[in-house]
Amino acid sequence: MSSFFSITYPFEIGQKAPTFENLQSTDGKQYSLSSFNDKAIVVLIFMANRCPTARVYNDRLKSIQTDYVDREVQLVGINSDNQYFLPLEKLSNMIEVAKEREFNFPYLKDEDQSVAKKFGALVTLHAFVLDKERRLRYRGRIDDSRDPTNVTTHDLQNAIDDLLESREVRVPETRPFACSIDYF
(Lines give C-alpha, C1' and ligand atoms only; values in the text may rest on other atoms or scores of the structure.)
Protein backbone atom coordinates (compact mmCIF):
# COMPACT_ATOMS: atom_id res chain seq x y z
CA MET A 1 0.00 0.00 0.00
CA SER A 2 1.30 3.40 -0.97
CA SER A 3 0.25 6.68 0.59
CA PHE A 4 0.55 10.12 -1.02
CA PHE A 5 -1.06 13.27 0.34
CA SER A 6 -3.02 11.06 2.76
CA ILE A 7 -4.24 8.92 -0.14
CA THR A 8 -3.73 5.18 0.18
CA TYR A 9 -3.24 3.27 -3.07
CA PRO A 10 -3.39 -0.51 -3.55
CA PHE A 11 0.06 -0.70 -5.21
CA GLU A 12 3.29 1.28 -5.49
CA ILE A 13 4.93 3.27 -8.25
CA GLY A 14 7.22 0.84 -10.08
CA GLN A 15 5.07 -2.19 -9.39
CA LYS A 16 3.32 -4.17 -12.10
CA ALA A 17 -0.16 -2.78 -12.66
CA PRO A 18 -3.26 -4.94 -12.27
CA THR A 19 -4.82 -6.12 -15.48
CA PHE A 20 -8.37 -5.92 -16.75
CA GLU A 21 -10.33 -8.00 -19.21
CA ASN A 22 -13.12 -7.45 -21.72
CA LEU A 23 -14.37 -3.96 -20.91
CA GLN A 24 -17.03 -2.75 -23.35
CA SER A 25 -16.04 0.30 -25.38
CA THR A 26 -18.03 3.06 -27.02
CA ASP A 27 -16.71 1.81 -30.38
CA GLY A 28 -18.58 -1.51 -29.96
CA LYS A 29 -15.45 -3.54 -29.17
CA GLN A 30 -14.20 -5.06 -25.95
CA TYR A 31 -10.74 -4.23 -24.65
CA SER A 32 -8.38 -5.80 -22.14
CA LEU A 33 -5.11 -4.28 -20.97
CA SER A 34 -3.43 -6.83 -23.25
CA SER A 35 -5.23 -5.24 -26.24
CA PHE A 36 -2.53 -2.57 -26.10
CA ASN A 37 0.52 -4.88 -25.96
CA ASP A 38 1.88 -3.21 -29.10
CA LYS A 39 2.12 0.15 -27.30
CA ALA A 40 5.21 1.32 -25.41
CA ILE A 41 3.11 3.35 -22.98
CA VAL A 42 -0.52 3.02 -21.93
CA VAL A 43 -2.20 5.90 -20.13
CA LEU A 44 -5.38 4.99 -18.28
CA ILE A 45 -7.56 8.01 -17.57
CA PHE A 46 -10.51 7.50 -15.27
CA MET A 47 -13.17 9.91 -16.48
CA ALA A 48 -16.93 10.47 -16.51
CA ASN A 49 -19.57 12.03 -18.72
CA ARG A 50 -21.04 14.29 -16.03
CA CYS A 51 -17.85 15.75 -14.56
CA PRO A 52 -17.36 19.39 -15.59
CA THR A 53 -13.60 19.10 -15.06
CA ALA A 54 -13.43 16.08 -17.35
CA ARG A 55 -15.32 18.07 -19.96
CA VAL A 56 -12.84 20.95 -19.95
CA TYR A 57 -10.00 18.46 -20.42
CA ASN A 58 -11.48 16.83 -23.56
CA ASP A 59 -9.41 18.87 -26.00
CA ARG A 60 -6.25 18.45 -23.94
CA LEU A 61 -6.65 14.67 -23.81
CA LYS A 62 -7.36 14.44 -27.54
CA SER A 63 -4.32 16.62 -28.21
CA ILE A 64 -2.08 14.39 -26.07
CA GLN A 65 -3.27 11.31 -27.98
CA THR A 66 -2.67 13.03 -31.32
CA ASP A 67 0.77 14.30 -30.30
CA TYR A 68 1.99 10.90 -29.08
CA VAL A 69 0.23 8.38 -31.34
CA ASP A 70 3.31 7.95 -33.55
CA ARG A 71 5.44 7.29 -30.47
CA GLU A 72 3.47 4.20 -29.40
CA VAL A 73 1.51 5.93 -26.64
CA GLN A 74 -2.14 4.99 -26.14
CA LEU A 75 -4.64 6.87 -24.00
CA VAL A 76 -7.56 4.81 -22.72
CA GLY A 77 -10.53 6.48 -21.05
CA ILE A 78 -12.30 4.41 -18.38
CA ASN A 79 -15.67 5.33 -16.92
CA SER A 80 -16.17 3.67 -13.53
CA ASP A 81 -18.95 5.89 -12.23
CA ASN A 82 -22.02 4.20 -10.75
CA GLN A 83 -24.42 3.92 -13.68
CA TYR A 84 -27.30 2.89 -11.41
CA PHE A 85 -27.06 6.05 -9.33
CA LEU A 86 -26.03 8.22 -12.27
CA PRO A 87 -27.81 7.07 -15.47
CA LEU A 88 -25.74 9.53 -17.54
CA GLU A 89 -22.81 7.15 -16.96
CA LYS A 90 -24.42 4.19 -18.77
CA LEU A 91 -22.64 2.84 -21.83
CA SER A 92 -25.42 4.08 -24.14
CA ASN A 93 -24.80 7.64 -22.92
CA MET A 94 -21.02 7.15 -23.11
CA ILE A 95 -21.41 6.28 -26.80
CA GLU A 96 -23.23 9.56 -27.42
CA VAL A 97 -20.64 11.52 -25.44
CA ALA A 98 -17.70 9.89 -27.25
CA LYS A 99 -19.23 10.83 -30.62
CA GLU A 100 -20.18 14.34 -29.54
CA ARG A 101 -16.75 15.05 -28.02
CA GLU A 102 -14.95 13.24 -30.86
CA PHE A 103 -12.71 11.10 -28.66
CA ASN A 104 -9.69 9.73 -30.53
CA PHE A 105 -9.00 7.06 -27.93
CA PRO A 106 -11.01 4.10 -26.59
CA TYR A 107 -13.57 4.98 -23.91
CA LEU A 108 -14.38 1.92 -21.79
CA LYS A 109 -17.09 1.12 -19.24
CA ASP A 110 -15.89 -0.41 -15.96
CA GLU A 111 -19.38 -1.60 -15.09
CA ASP A 112 -18.54 -3.36 -11.81
CA GLN A 113 -15.94 -0.72 -10.84
CA SER A 114 -13.31 -3.43 -10.36
CA VAL A 115 -10.69 -1.66 -12.48
CA ALA A 116 -11.04 1.62 -10.59
CA LYS A 117 -10.78 -0.25 -7.28
CA LYS A 118 -7.69 -2.22 -8.40
CA PHE A 119 -5.95 1.00 -9.42
CA GLY A 120 -7.22 3.09 -6.53
CA ALA A 121 -8.77 5.68 -8.84
CA LEU A 122 -10.32 8.45 -6.79
CA VAL A 123 -11.61 11.07 -9.19
CA THR A 124 -12.58 11.65 -12.78
CA LEU A 125 -9.73 12.70 -14.07
CA HIS A 126 -7.15 10.40 -12.57
CA ALA A 127 -4.29 9.32 -14.84
CA PHE A 128 -2.15 6.17 -14.52
CA VAL A 129 0.87 5.80 -16.83
CA LEU A 130 2.10 2.28 -17.50
CA ASP A 131 5.41 1.51 -19.22
CA LYS A 132 6.09 -1.30 -21.74
CA GLU A 133 6.30 -3.87 -18.89
CA ARG A 134 3.03 -2.38 -17.57
CA ARG A 135 4.65 -1.10 -14.42
CA LEU A 136 3.09 2.01 -12.92
CA ARG A 137 5.37 5.00 -13.56
CA TYR A 138 3.05 7.94 -12.88
CA ARG A 139 -0.31 8.55 -11.26
CA GLY A 140 -2.13 11.79 -10.66
CA ARG A 141 -3.40 14.82 -12.52
CA ILE A 142 -3.13 15.73 -16.20
CA ASP A 143 -1.74 19.17 -15.41
CA ASP A 144 -2.05 21.79 -12.69
CA SER A 145 -5.07 23.87 -13.76
CA ARG A 146 -8.61 23.36 -14.98
CA ASP A 147 -8.17 26.56 -16.97
CA PRO A 148 -5.82 25.82 -19.87
CA THR A 149 -4.52 29.41 -19.89
CA ASN A 150 -3.24 28.95 -16.31
CA VAL A 151 -1.36 25.67 -16.79
CA THR A 152 2.24 25.86 -15.59
CA THR A 153 3.06 22.14 -15.25
CA HIS A 154 2.15 19.46 -17.79
CA ASP A 155 2.53 16.55 -15.36
CA LEU A 156 1.15 13.78 -17.57
CA GLN A 157 3.10 14.87 -20.64
CA ASN A 158 6.27 15.26 -18.57
CA ALA A 159 5.88 11.68 -17.35
CA ILE A 160 5.32 10.39 -20.90
CA ASP A 161 8.32 12.37 -22.20
CA ASP A 162 10.54 11.04 -19.41
CA LEU A 163 9.60 7.45 -20.23
CA LEU A 164 10.04 7.95 -23.97
CA GLU A 165 13.52 9.33 -23.30
CA SER A 166 14.34 6.36 -20.99
CA ARG A 167 14.55 8.59 -17.91
CA GLU A 168 13.03 8.13 -14.49
CA VAL A 169 9.79 10.08 -14.21
CA ARG A 170 10.80 13.33 -12.50
CA VAL A 171 7.53 13.65 -10.56
CA PRO A 172 5.92 10.19 -10.33
CA GLU A 173 2.88 11.26 -8.26
CA THR A 174 0.69 14.31 -8.12
CA ARG A 175 -2.60 14.89 -6.40
CA PRO A 176 -5.50 14.48 -8.83
CA PHE A 177 -8.47 16.82 -8.79
CA ALA A 178 -11.97 16.72 -10.25
CA CYS A 179 -15.24 14.92 -9.42
CA SER A 180 -15.17 11.96 -7.06
CA ILE A 181 -15.88 8.56 -8.54
CA ASP A 182 -19.27 7.43 -7.29
CA TYR A 183 -18.65 3.94 -5.99
CA PHE A 184 -21.41 1.46 -5.16
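**Close-up views of a predicted model**

View 1. The structure shown here and in the following views is a predicted model.

**View 2. Seven strands form an open sheet of mixed pairing.** The order of the strands is E4-E3-E7-E6-E5-E9-E10. Strand E4 (30-31) and strand E10 (136-140) are the edge strands, each pairing on one side only. Helix H2 (residues 58-68) packs on the sheet, where it touches strand E5 (41-46) and strand E6 (73-79). The direction of H2 makes about 150 degrees with that of E6.

**View 3. Strands E9 and E10 run antiparallel.** Four bridges join E9, which comprises residues 126-130, to E10. Leu130 stands opposite Leu136 in E10.

**View 4. An edge-to-face pair joins Phe119 and Phe128.** Eight aromatic pairs are found in a search of the whole structure. In the pair of Phe119 and Phe128, the ring centres are 5.4 Å apart and the planes stand at 75 degrees; the pair is therefore edge-to-face, as the angle is over 60 degrees. Phe119 counts as buried because its relative accessibility is 0%, and Phe128 is likewise buried, with a relative accessible area of 0%. Phe119 and Phe128 belong to an aromatic cluster that also contains Phe11 and Phe46.

**View 5. Arginine residues lie over aromatic faces.** Arg60 is placed over the face of Tyr57, at 3.7 Å from the ring centre. Arg139 lies over the face of Phe11, at 6.0 Å from the ring centre; Phe11 is a member of the aromatic cluster with Phe46, Phe119 and Phe128.

**View 6. The largest nonpolar core contains 31 residues.** Within this core, Val43, Ile45, Leu61, Ile142 and Leu156 touch the most other members. At least two core residues are supplied by each of E5, H2, E6, H3, E9 and helix H5 (155-164). The largest share, four residues, comes from H5. Neighbours within four places in sequence aside, Val43 is in contact with Val73, Gln74, Leu75, Val76, Phe128, Val129, Leu156 and Ile160. A second, separate core has 21 residues, among them Leu33, Leu44, Ile78 and Leu130. In soluble globular proteins, nonpolar side chains tend to be buried together.

Conventions:
Residues are numbered from 1 along each chain as its sequence is written. This is a predicted model: local features need pLDDT of at least 70, side-chain atom pairs count only at pLDDT 80 or more; totals for chains, interfaces and linings use all residues. Side-chain values use heavy atoms; hydrogens and water are left out. Rings of Phe, Tyr and Trp (its six-membered ring) pair if their centres lie within 6.5 Å; planes under 30 degrees apart count as stacked, over 60 as edge-to-face and the rest as tilted. Buried means under 20% relative accessible area, exposed over 50%, partly exposed in between (1.4 Å probe, protein chains only). A charge sits over a ring if NZ of Lys or CZ of Arg is within 6 Å of the ring centre and within 35 degrees of the ring normal. Two strands pair if DSSP finds at least two bridges between them. Contact means heavy atoms within 4.5 Å. Axes are lines fitted to C-alpha atoms, for helices over the stretch in contact, and angles run from 0 to 180 degrees between N-to-C directions. A nonpolar core is a set of buried Ala, Val, Leu, Ile, Met, Phe, Trp, Tyr and Cys residues joined through side-chain atoms within 4.5 Å.
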